[in-house]
Amino acid sequence: MAAQAKPVEIFDRDAEWAELDRFVTNPDPGPNLAVVYGHRRQGKSFLLDHLTRRYGGLYHVAAEDDPRTALDSFAASLAEWLGLAVPLRFEDWKSAIEAAVEQMTRRSTETGRPALMVIDEYSYLLSGTPALSSYIQNTFDRYKRDRRGTVRIVLCGSAFPLMANLLSGDKPLYGRAALSRLMRPFDHRVAARFWNATHRPTALRLHAIVGGVPGYRMLSEAVYPTSGFHSPGDLDEWVVATVLNPASMLFQEHDRLLREDPRISHRALYQGVLRQIAQGVTKPGKIAAALGRDARSMKHPLDALVDTGLVRRVEDLVFSGKTSYHIAEPILRFAHAVILPRLSQLDRGRSRLVWERSADGFRSNILRPHFEDLVRDWLADQGWVRLGFPEPGEVGQTTISSGADGQRGHQIDVVMLDPESSPRGDRITVRLLGEAKCTAEPRSGHDLRRLEKIRERMRSISKIDVSAAQYAVFSESGFAADLLAEASRRDDVHLVDLDDLYDE
């Protein structure tokens, strides 16, 4: 069967649509399984609903019901798909899954077309019926042997750890899926187009607040419709009316994100961990000390936050044993840096005053780390080509000791290794050293001098080869004349501004 063009209503998501469309139209007989997962508001349901409509499939959205009600709801969806006037009723989920696959097999055999069934919010069903995946596995295996029809089953959910582990080696569906797709947020360039953020400094700030989650636009437009972000003032008005407005759902989003994982029951502890990370306390021992807890007690909450995708575990690119934790969802960082410390003021309707007084903290605690993350992502994605490197290497950050007692180490914002070098290996070849600074002042030759000094320090470390390393200075606010002049004379110095980062 020929592939179907992506519906015009779906913004971007070309790769996701193409993968799912190929999955449905694959002529392999019998049932095939796909898993689609990711945090809420990424557009999973929107995409799958359009896919199901395109192929005349069965689309069932589960709810947090008791098992009997959930089963009856699925039976109603199946009856509607079959065009039955009389509702179906099943004794248990085993018979329901068998009946659904049998009916889909018949439909596919009769029409010569694939029959598609999407079960959305699958994790709700699994929590009430833990054996459900086993029922799907048994039915899948039996019909796969028969090789009748072309039945395609998609399981979708937002419970991040549960869905991510649905196909792991100890689970019933291990080895059955032909496709597993994590729906990620838009990157900063796609997000700018999606929000119509034409002013790039404003687009950067918007992305630092809400990231690339498409569903946040719908939430914000419910209380503050906007035609786009074309100046700093557009963002100021939007922030005051939405993210800092207690009546807006965006205001409460940080708490909802924690509620997605049922393992996070003691939310005060997790909020405390997130608060410390948002304030720049990123080492496990320092987080524990700030919360007055034993360092060993941090393992479980940090692991849980990483499993949910709310926090990223970052390893030093060069040295082993240097682990730090960084917030992965920008709106969480914003909540802990701006909203929660001033909650009483915001509850009194002083959102504009709070936003005005948050300017310095927003830049240092939110914009600065977000800009560094964005730069590293850009370099790993396409920046290596833009800078003229023939191949990409691993990208990350590192800290080099100063070599002098009592002095702090040198933190290097951006490091790219040679393609042949493995992170934290016995021998490391560095191809690029970078400084990423999101300040109101243009970057100057001082930043290049700092990188040159760091390179000299790295020369003294036997495992590191920096003989061919180049330099990059990344800036939000442009570059001073001295740095521009020196970069024009040298081919080992790269200057990257917002236009470079946002050009596609």
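Trainee: How many bridges join strand 9 to strand 10 in this predicted model?

Mentor: Strand 10 covers residues 428-437, and Gly 434 in strand 10 is the bridge partner of Val 414. Strand 9 and strand 10 run antiparallel, and the number of bridges joining them is four.

Trainee: Which residue in strand 9 stands opposite Thr 399?

Mentor: Strand 8, residues 395-400, is joined to strand 9 by five bridges, and the two run antiparallel. Opposite Thr 399, the residue in strand 9 is Gln 411.

Trainee: Why is strand 9 described as largely enclosed by the rest of the structure?

Mentor: Strand 9 spans residues 410-417 and has eight residues. A residue is taken as buried when its relative accessible area is under 20%. Strand 9 is largely enclosed because the number of its residues that are buried is six of the eight.

Trainee: What is the strand order of the open sheet of five strands?

Mentor: The pairing in this sheet is parallel. Its edge strands, each pairing on one side only, are strand 2 (58-61) and strand 5 (177-182). Neighbouring strands are turned by 15 degrees against each other on average, direction ignored. The order is 2-3-4-1-5.

Trainee: Which residue in strand 5 stands opposite Leu 33?

Mentor: Strand 1, residues 30-37, pairs with strand 5 in the parallel sense over five bridges. Opposite Leu 33, the residue in strand 5 is Ala 177.

Trainee: At about what angle does helix 3 run to strand 2?

Mentor: Helix 1 (residues 14-25) lies across strands including strand 5, to which it runs at about 165 degrees. Helix 3 (residues 67-82) lies across strand 2 and strand 3. Its angle to strand 2 is about 160 degrees.

Notes:
Residues numbered from 1 in each chain as written. Predicted model: local features only at pLDDT ≥ 70, side-chain atom pairs only at ≥ 80, totals over all residues. Heavy atoms only, no water. Pairing = 2+ DSSP bridges. Axes fitted to C-alpha atoms, helices over the stretch in contact; angles between N-to-C directions. Contact = heavy atoms within 4.5 Å. Buried < 20%, exposed > 50% of the residue type's maximum accessible area, 1.4 Å probe, protein only.
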